[in-house]
Amino acid sequence: LHALRGMTLSFNDDPGTSDQPHDGTVEFQKDGLIIIQEGRILHSGPASLLLETLPEGTPIDHWPDQLIMPGFIDPHLHYSQLDITASYGRQLLDWLNTYTFPEESRFSERAYADEIANAFLEQLLANGVTTALAFCTTHPASVEALFTAASDRNMRMLGGKVMMDRNAPEALCDTPETGIRDSRRLIEKWHDHGRLEYAITPRFAPTSTPEQLAATGRLLSDYPGMVMQTHLSENRQEVDWVASLFPEARDYLDVYSQYHLVRPRAIFAHGIHIDDDVRQRLADDGGAIAFCPSSNLFLGSGLFDWRSAREQEVRVGIASDIGAGTSFSPFQTLQDAYKVGQLSHQPLTPWQAFYAYTLGNARVLDIDHHIGSLDAGKEADITVINPRATPMLARKDRHDPTLMEQLFNLMILGDERCISATYIMGRKIYDAQNS
Ligand code: GUN
Ligand code: FE
């Protein structure tokens, strides 16, 4: 038994779109206590009430004036692209050919995959991110590396081997048969192993033959509860290419629908160039979009229509999309989400932003029974945030900000310097003081 004490903040539900969050959606304690037993939250609430229930001598990590939140969740990124972040000058299809595919080719070597997987997880933790849904590469070794590194840290991690069998360098292509065989082997070895979940991962429509997509649909029907991750309508050239590769499909989403890939726990990154009809089908079929604002700006892909997605009740998460995204920091990603929203006169409120990166993303991945809030019973994946960690934030702090202002300052001015500590299953695994 041990405890964390500080300003605790978590969400019970979607706070809505107005500056005043819906009643009961925000759970905030100026002096809060989180009691942890065997890696899970036993109680959380006001310290004044809970302290007296603690047995004498229970260790307490006290973080006065720091914000203690559920660990952040990143529902779309590519761990293999760690070292190609900030690659200059190209848009999606050229960027893939020039930077991405050559880098991903290196993951045939297990030692290289191990090195990147460990460095990647250290970046997540230093940014307060405790769970992610990650693309690996075509190579089974890339999945072994990620899951081994995540399991060493006891992190809740979702990922899968990329399937692609055309329009990529030979060395990165599998076949419909080997793609499925390797995926099955990895599923048997790793799926539901501790806190790990396998995710079935066809890269995107242009790099799979109809045969591979059909085989993917059959694989998914053998594992109906499993996450499926891919990309959708990110870039105009890509959308045109898909139309020419799949002339019989009504649109890009319909390619995936034809192979039974649009369903609950299907996560489609981007979804920028889509219309009301596509949004309606996504909402009806339970598929979710991972909105990746920093990636969309970096690659010049376009502006995601957050307002329409919300109005049509599409499930939407917010993600970094490293290495087309430019930062591991949820604060930086939320800053870009805010700016994209401003361009369509629907900026994200700070409440929505922090809800999205915690409970919202947990719901999108359907793992909110495990993580995403500070409720009793949840796994104690927790991040401790210093709201005055930088000179500019310290200046803002002198003006006695409200909680909403403090959150907004963090998402506009914050970065990894604001993460004081990260806990996995109650154990402090990252501490800014020792790094
Ligand atoms: N579409 C297909 N593959 C990728 C990728 O690796 N990154 C991004 N941003 N889009 C993709
Ligand atoms: Fe991506």
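Predicted model: local features only at pLDDT ≥ 70, side-chain atom pairs only at ≥ 80, totals over all residues.
Residues are numbered from 1 along each chain as its sequence is written, and chains are lettered from A, with ligands numbered from 1, in the order in which they are written.

The chain has 15 helices and 16 strands, where helices (H or I, at least four residues) and strands (E, at least two) are DSSP runs numbered from the N terminus. Its C-alpha trace spans about 65 × 45 × 40 Å along the principal axes. Because a compact globule of 435 residues would have a radius of gyration near 22 Å, the 21 Å of the chain agrees with that form; the radius is taken over C-alpha atoms, and the rule is 2.2 Å times the number of residues to the power 0.38.

Of the 435 residues, 54% are buried, meaning that 20 or more other C-beta atoms, placed from the backbone, lie within 10 Å of a residue's own.

Strand β5 (residues 72-78) is mostly covered, with seven of its seven residues buried. β5 pairs with strand β6 (residues 129-135) in the parallel sense over five bridges, pairing being counted if DSSP finds at least two bridges between two strands. Within this pair, phenylalanine 72 stands opposite valine 129 in β6.

Finally, UniProt lists residues 68-427 as "domain: Amidohydrolase-related" in an unreviewed entry, and such annotations may be inferred rather than shown by experiment. Over residues 68-427 the chain is 44% helix and 17% strand.

Methods
Buried ≥ 20, exposed ≤ 12 C-beta atoms within 10 Å, placed from the backbone.
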